[in-house]
Amino acid sequence: MRGSLKELGVYYRNLTRNMVLLITFVSITPMILVSGLILFQFHTSFQEKVHAHLTTLVKKHKQNIDTFLKERLADIRQLARTFTFEELSNESFLQDRLATLQDEFGPVFVDLGVVNARGLQVAYAGPFKLGMALYSTADWFQRAMKSNAFISDVFLGLRGLPHFIVAVRENWRGDPWILRATIDFVAFNNLVEHIRIGETGFAFILNRNGEFQTKPFQEIVPGKGPYLELLRSDNSAGERPVSIGRMTGEAGVKNIFVASPLKEGDWLLVYQQKVSDAFSDFERSLRVTMVVLLLGLIAIVTTAFLLSRRMVGRIAKADREKHMMNEQVVETGKLASVGELAAGIAHEINNPVAIMVEEAGWIEDLLEEEDFKDGANLKEFRRALNQIRTQGKRCKEITHKLLSFARKTDERVQEFRIDEAIQEIVALSAQRAKYSNVTVKLNLSEDLPNVRLSQAELQQVLLNLINNALDAMEKQGGSLEISSREEEGILMIEVADNGPGIPAANLGRIFDPFFTTKPVGKGTGLGLSICYGIVKKLGGDIEVASTVGVGTTFRIKIPLEMIKAQGSLNGKGE
Amino acid sequence: MALAKVMLVDDEVPFVETMTKRLTKRDLTVTSAFSGKDALDALAKDQAVEVVILDVKMPGMDGIDTLREIKRLYPLVEVVMLTGHATVESAIEGMKLGAFDYLMKPCDMEVLMGKVQEAAAKKRQHENKIIDARLKEITSRRA
């Protein structure tokens, strides 16, 4: 029995585990699939949105910058065309022109200069003293002489400040001359410096050599890593107006780059932002989703675990009850067949005993005859025959008891008197009690109403309790008191012994099936659980109070309204 | 003259034999039968039987059936039932069918003798009453 209990434990554990796994799997799989799908879709569309936004932004600024450069070039060209080399060589005239330009466009134009074919600046207007400076070896001069309009990269030049030059070439009397203007670096820088998104998004301009044409917001080294990569990739895909890429920087930080060529591919407008920053909204919702998913996961697993455990607990309980019921059925069946056997034996024994008693009686009759009247042993004969009759009567009583017990092992509901039923059961146990040196006291109330219930079941309950008490007191004897009374509409039957008592540790388990303290083979551990089952079935309750060394009292409480007889005693209920 | 004329019916032959001896010794005229059928046959031949001592549990025709038959055919014959074990049902059944009394085996001889005498007395009383009634009828007719 114990082995199979252990197996049952494993079985229930497996059942619990399988249920938990199944519930968790079925609940989580669609959750994760749906969440993943939605997140993926959201990520895709969000990325498209960000890219579109950045593309538009960069395109707009590229146009702005291109327009700015073209307009400045156009300004200078118009100046060079409107006036002659001679007029512009006049420094005060040039000063006026610069003032006019600055009036019109603000401090964009820093200075103006007129340079002749040999590279000599013949006239200069501006804050620096650069009159008669020689530019023949300057890179911008050589390149400006080759084309008729030129915008230089940003460089320090003679003045030692970052600036760039817008130059146009015109001819005067067969000789080329150049009108050049310096564009204020700060004013130009503002064009890109205003492109700021989020915490890490900023823009800058690079030239073909990877040198900054504007002051970047962050300290970055353009000649290295991703920037070179960017320049190269841009050269190869130079026709596209805007290109977007992602690259991992030196510190392992992922950046998103949006690049667009400026000034016919000489310059590159680059917008840079950390991916985490650009997608911060997405990452926030991803984090929220993850937290929700995790909480959901924990909730599902917890629920699955609790639910499974509770359900398996119920199943186990139902199994136990079923098992107990089976045992009870077997027990009842056994008792019934024992009863039948007893009835058969009792009846068969009765006839021979009757014959023996009659034969003894016949001998007694014969002793009355004259011949024996003076027999020396007549007295002894009489005594012996008397003894035979007495023992015959004893046999009769035993068989009658057996028969009356066997007759009542049915489950039929009968109407009977409680006190009489108890007396009958006690009479059955009287012999055992005598051997165990136990005195039985009855304290039965006679005013109890008749009850309707299965007498066999009541017998079973009481006999179990009495037998337990007698078992407990077998060694040192004691007294057993059985009392019945009515208390507030409840029938109370108490079986109290003054035996060794039940240890507190066992008290909570005595009604459990298979719990027994009797030696192996002596008790099934079912007696009290059957009692419990029967009393509960009748709508009552069975309680135990026990003190070690003092004794044990079992109290059966059954509400009388559940079992009270409705009609008269004659009605035999079914 | 004997105290009463009885018939003993039981399937246990040794029981019947011993009882017959004992009852005869107590001044009863005893005939015996070992089944219900035998008992009815014997009664048909011998109308003088006053009291039938009948075992309830017998193979074939049992005590209750035999009782019913006896009471139907010979209503004045009294029947004392004997049984191995008293069941309320068979006792009630027997009493309803007109048995004089009910005794449990093995029974005390004195008790049995008392019952038999009472039963015989009752039977004779009944018979006397019937005879009286007849006489009265006859005498009143003559008058």
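User: What links Arg485(A), Glu487(A), Glu494(A), Glu543(A), Arg555(A) and Lys557(A)?

Analyst: A network of salt bridges links those residues, a salt bridge being a side-chain nitrogen of Lys or Arg within 4 Å of a carboxyl oxygen of Asp or Glu. This is a predicted model, where local features need pLDDT of at least 70 and side-chain atom pairs count only at pLDDT 80 or more, while totals for chains, interfaces and linings use all residues. Residues are numbered from 1 along each chain as its sequence is written, chains are lettered from A and ligands numbered from 1 in the order written, and side-chain values use heavy atoms, with hydrogens and water left out.

User: How many salt bridges does the structure hold over all chains?

Analyst: The count is 32.

User: Why do the side chains of Glu170(A) and Arg81(A) count as a salt bridge?

Analyst: Their N to O distance is 3.3 Å, and the cut-off is within 4 Å, so the pair qualifies. Glu170(A) sits in strand E4 and Arg81(A) in helix H1, so parts 89 residues apart in sequence get tied together.

User: What makes Glu170(A) buried or exposed?

Analyst: Buried means under 20% relative accessible area, exposed over 50%, and partly exposed in between (1.4 Å probe, protein chains only). Glu170(A) has 17%, so it is buried. Arg81(A) has 56%, so that one is exposed.

Methods
Helices (H or I, at least four residues) and strands (E, at least two) are DSSP runs, numbered from the N terminus.
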